[in-house]
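Hello,

Please find the structure below. My notes on it follow.

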Amino acid sequence: MKQKSAAQPPKSEALLPGDPYPLGASFDGQGTNFSLFSEVAERVELCLFDAEGRQTASYDLTEITALCWHGYLPDVGPGQRYGYRVHGPWDPDQGLRCNPSKLLLDPYAKAVDGAVEWDEAVFPHHFDDPEGSFNDTDSAPYVPKSVVIDPDFDWEDDRHPRTPWHETVIYETHVKGLTARHPAIPEHLRGTYAGIARPEVIDYLTGLGITAVELMPVHQFIHYAFLEERGLRNYWGYSSIAYLAPHNEYAAEGSIGGQVTEFKNMVKALHRAGLEVILDVVYNHTSEGNHLGPMLSLKGIDNTAYYRVVADDPRYYMDYTGTGNSLNMRHPHVLQLIMDSLRYWVLEMHVDGFRFDLASTLARELHAVDRLSAFFDVIQQDPVISQVKLIAEPWDIGEGGYQVGNFPPLWSEWNGKYRDTVRDFWRGEDQTLGEFAYRLTGSSDLYELSGRWPHASINFVTAHDGFTLHDLVSYNEKHNEANGEDNRDGEDHNRSWNCGVEGPTDDPEINALRQRQQRNFLVTLMLSQGVPMLLGGDEIGRTQQGNNNGYCQDNELSWYDWEAVDEDLLAFTRRLIRLRLEHPVFRRRRWFQGRPIHGDDVTDIAWFTPEGTQMAEEHWGEDFARSLGVFINGRSIVAPDPEGDRPVDDGFYLIFNAHHEALEFTLPGSEWSERWVRELDTASGWSDDGETLEPDSVVSVEARSVLVLRCDC
């Protein structure tokens with residue numbers, strides 16, 4: 001059936017025509033302009049609310065310009081709560097879902113007050129007839145409100161650090177989890193933007209050596225009803241509902257809209273310390289779910305414009321994300337919303353880059369993933385967004401969604417092949433040494449042909465989704481019982497190895513092996529070409545007790561335990577990151593010779609068998625081989641530094657032994673180095689005594705360990 005629109009009330013004398021642009025609510029010092037896009041609307045109401053959630057006024061936006069409904073209210077300013085009611089056709093079979101009884105968030109809201117209360121009123125249909133009924137219960141008492149903000153902020157002399165890609169070390173973390181249990185942070189600031197801005201946290205991050213903080217989603221999101229019924233919460237936040245609004249629960253500031261100022265202060269404090277801020281953004285779907293989901297914003301504003309619906313049955317949604325819906329990247333106003341959001345976070349909030357969740361979804365024009373889609377076209381030509389750091393999570397769950405190596409030249413990517421290869425190597429799985437060598441040297445097989453450089457590869461061993469580093473070496477199986485899904489959720493194929501016992505153990509040999517394996521992973525990560533990403537907490541031994549899907553664990557299971565820091569691991573990680581940053585040979589801007597990574601004629605890199613002979617072609621295809629040595633020449637770095645000088649660095653010889661037994665390695669001869677200085681050994685730690693080894697000498701390398709030697713030429 002079709003729901004007819006209500007009769008139009010008389011025009012309000014208080015409302016002036018206003019302007020269609022910018023979209024959203026814009027305060028100019030005297031009043032606020034409101035503008036909302038909807039092609040399907042027949043009438044749009046702007047509703048104002050007081051602090052108690054009572055509606056105090058309603059205005060029809062009678063001015064329509066280029067499908068944008070707009071008006072200007074004098075004397076309405078910062079702190080004003082508001083929402084929209086959109087009148088229009090209700091015909092779910094055609095994808096039309098206007099329901100004016102549902103108060104809708106402004107897609108351009110820059111702040112949000114309140115949260116969703118899970119009443120039947122927030123759904124456009126009744127529970128007893130979800131396929132056809134029309135629910136006309138007012139949702140306003142149960143949904144969050146948009147908030148007008150004051151754009152004024154004193155940024156002082158804030159500047160983007162603009163750390164070059166090849167000097168970047170990323171630290172993936174969570175706003176709340178990082179400080180929720182930090183004893184040095186005042187209790188009222190724990191788990192907030194203000195908590196991250198504290199000197200105790202910033203000093204820790206700079207002391208660790210990272211250059212960029214990648215924050216898990218901070219766009220306003222909701223907590224799912226099914227999780228609240230289990231006593232759980234949406235901890236990760238991958239369910240955005242307002243793309244310009246910082247999530248309100250992460251604010252310690254009590255004033256309405258204060259989360260905006262608090263977020264800006266956090267960015268300013270991080271920038272002052274030389275740290276970049278990268279946001280994990282979720283533009284592939286929203287929290288409104290599928291046809292049975294709630295109506296909170298886009299679904300009620302213009303459902304078929306904002307969402308991909310099934311072409312021959314538009315009641316239902318295309319779902320490339322597993323979360324119920326996918327944004328319609330083919331629509332110009334959807335692209336505009338995303339681009340306006342990105343520019344806002346750069347220009348107004350001063351962030352330095354973005355990591356795009358399930359980015360393959362954004363590239364889908366019809367069904368296939370198209371690297372030249374409209375989304376990438378507009379990113380490429382945008383003078384603001386094209387100049388910040390752009391990182392793709394290059395997959396989604398749809399057919400053909402795994403697109404590692406296939407994004408355009410402007411982009412870097414989470415390198416899932418790096419993660420899988422390195423995990424398999426250190427757990428002793430059969431794979432070719434050639435695969436491991438490609439990952440160690442920046443994955444030229446994935447990125448070189450598209451005109452990209454090593455920084456296209458965001459190297460990682462662990463991330464928020466999956467085991468922590470501690471758990472990667474402590475569990476063979478996931479243990480997600482606490483999520484309430486009978487351990488069915490989360491990845492089953494983790495490429496992990498528990499070193500002989502599942503979970504905690506008192507066995508000193510197993511614990512020693514686990515410590516060594518963690519160091520092996522960290523050394524491999526930090527000494528690989530490309531951009532390393534460290535999962536926050538891995539450096540202190542954070543555990544989730546085998547849970548590899550902590551999305552709903554907003555509690556001690558996910559929060560960093562600052563009372564149980566592995567001090568030895570932390571000290572090791574600090575020195576390791578410093579080693580990377582001090583030696584440009586580990587962070588080259590260009591490929592090794594721009595040719596395949598193995599061969600006898602290379603001058604900047606050479607590969608060796610344990611016997612000390614250079615690798616022959618047949619060695620690369622041996623899937624049983626577990627050990628190799630690599631010489632990287634610090635005197636053959638071609639790309640100049642920012643001052644135009646060619647960097648000259650030490651050479652290094654890295655020995656990787658993933659074999660289950662110690663092996664003897666013959667070191668390269670005097671043509672490679674006059675002497676070899678022992679730098680670090682994951683079996684014993686750092687060497688501070690300057691121990692030297694002679695060319696052609698034989699050294700024993702512990703089972704499952706890395707030995708790093710520096711040239712003393």
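Subject of these notes: pockets, cavities and overall form

Strand S1 (24–27) and helix H7 (332–347) both contribute to the lining of the second largest pocket, with at least two residues each. The model is a predicted one, and this applies to everything that follows.

By residue class, the lining of the second largest pocket splits into 11 nonpolar, 1 polar and 5 charged. The volume of the second largest pocket is about 400 Å³.

Next, the cavities. There are 11 cavities of 30 Å³ or more in the structure.

As for the protein as a whole, its secondary structure amounts to 15 helices and 30 strands. With a radius of gyration of 27 Å, close to the 27 Å given by the globule rule for 713 residues, the protein is therefore as compact as a globular protein of that length. Along the principal axes, its C-alpha atoms fill a box of roughly 95 × 55 × 50 Å.

Some figures on packing and surface follow. Of the 713 residues of the protein, 63% count as buried. Taking contacts between residues at least 6 apart in sequence, 72% join residues at least 24 apart. The protein exposes about 26,200 Å², and 47% of that area is supplied by carbon and sulfur atoms.

One residue is worth a separate entry. Where is Arg678 found? Arg678 sits in strand S26, which covers residues 675–681. Is Arg678 buried or exposed? The relative accessible area of Arg678 is 12%, under the 20% cut-off, so Arg678 counts as buried. Leaving out residues up to four places away in sequence, Arg678 touches Ser687, Glu691, Leu693, Val699, Leu707, Val708 and Leu709.

Regards

Conventions
Residues are numbered from 1 along each chain as its sequence is written. This is a predicted model: local features need pLDDT of at least 70, side-chain atom pairs count only at pLDDT 80 or more; totals for chains, interfaces and linings use all residues. Side-chain values use heavy atoms; hydrogens and water are left out. On a 1 Å grid over the protein atoms alone, a cavity is a set of points where a 1.4 Å probe fits but cannot get out, and a pocket is an open set with protein on both sides within 12 Å along at least five of seven lines; lining residues have an atom within 4 Å of a point. Grid points are joined across faces, edges and corners, and a volume is the space filled by probe spheres set on the points. Helices (H or I, at least four residues) and strands (E, at least two) are DSSP runs, numbered from the N terminus. The radius of gyration is taken over C-alpha atoms; the globule rule is 2.2 Å times the number of residues to the power 0.38. Buried means under 20% relative accessible area, exposed over 50%, partly exposed in between (1.4 Å probe, protein chains only). Contact means heavy atoms within 4.5 Å. Accessible areas come from the Shrake-Rupley method with a 1.4 Å probe; for residues, only the protein chains shown count as cover. Ala, Val, Leu, Ile, Met, Phe, Trp, Tyr, Cys and Pro count as nonpolar, Asp, Glu, Lys and Arg as charged, and the others, Gly among them, as polar.
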